[in-house]
Amino acid sequence: MTITRALSIAGSAARGGAGIQADIKTFQELDVFGMSAITAIVASHPRTQQGIFPQTIEAIEAQVYTALHDIGADAIKTGMLFTEEIITKVAQWIEEANVANIVVDPVMIGKMGSALLKDDAIHAMKTKLLPLATIITPNMPEASRLLEIDQLTSVKELKEAAQALHRLGPKYVLVKGGRLEGPAIDVLFDGEQFYLLEAPRIHTIHTNGAGCTYSAAITAELAKGQTVPEAVEKAKQFITAAIRYSIRFKRGVGPTNHAAYGKYNETSCKVTMEYDT
Ligand code: PXL
């Protein structure tokens, strides 16, 4: 029996719904063996002054090499990388690793407001990491920040942003339209062809970790050998169910429900994907 394997290089989210925790739960739900290299620990609480605890390059390197050399990976996903130095090293390790599927989620700001990427790290993200990606998965603020343009306000602008981001070198660009009004529309672009993915809008504030979960589901499907459009379509169904059944805990923005896709055969989470010109 062969087991499909995926490595997430990302931050640890102590609340359990985002970052590495979201990735590993999502990998498991989709039948993929999950591994982790933790770049930073995120745990914001008034009890401590600090809310973000970056790990040393040595510690991150040890995790990446242990996972890749002892286990191996069919896909690698990056999430919170935090500093220019971490991005530069991660790009180097990814190049050396020669893994077919690389998913880069250009994480910048958490739902709880934490700054998960330093301002001076954006340039390294654009020039060193994005060109290595099979797919990048920015949300609207991340796309406009990467392109240094105003906030996106329409599907037309999402498509233009996807084209501009594609010029930075990734094979596919997924710009997520979660912040638009109306149905939840995302734009996938491969350099020639646009795909529009549409799901019903679910009105909830409890979407902590939604971006992590979506890109982790894409990673899992790519690891299993799906094409990028197939992987994105299934991942969109996964995240739609996870948001539809999102969870509310004592404080703050609750997490998406990583188990929902497997648990509920939910027709109200149906996704359509069509070509667009
Ligand atoms: O959802 C973005 C995100 C990514 N990575 C880590 C996080 C968060 C948001 O909370 O904590 C580690």
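Mentor: **Salt bridges, pair by pair**

D23 is buried, at 0% relative accessible area; buried is under 20%, exposed over 50% and partly exposed in between, with a 1.4 Å probe and protein chains only. The model is predicted: local features need pLDDT of at least 70, side-chain atom pairs count only at pLDDT 80 or more, and totals for chains, interfaces and linings use all residues. Numbering starts from 1 along each chain as its sequence is written, and side-chain values use heavy atoms, without hydrogens or water.

The partner of D23 is K77, in a salt bridge with its closest N and O atoms 2.7 Å apart. A salt bridge here is a side-chain nitrogen of Lys or Arg within 4 Å of a carboxyl oxygen of Asp or Glu. The pair links distant parts of the chain: D23 sits in helix 1 (residues 19-29) and K77 in strand 4, 54 residues apart. Helices (H or I, at least four residues) and strands (E, at least two) are DSSP runs, numbered from the N terminus. K77 is also buried, at 1%.

Next, R5 and D74 form a salt bridge at 3.0 Å, N to O. This one also joins distant parts: R5 is in strand 1, D74 in the loop between helix 2 (57-71) and strand 4 (75-78), 69 residues apart. R5 is partly exposed at 23%. D74 is partly exposed at 23% too.

E160 and K156 pair at 3.1 Å between closest N and O atoms. They are four residues apart in helix 6 (residues 155-166), so about one helical turn separates them. E160 is partly exposed at 39%, while K156 is exposed at 58%. Elsewhere, shared partners join E221, K224 and K234 into one salt-bridge network. The count comes to eight salt bridges.
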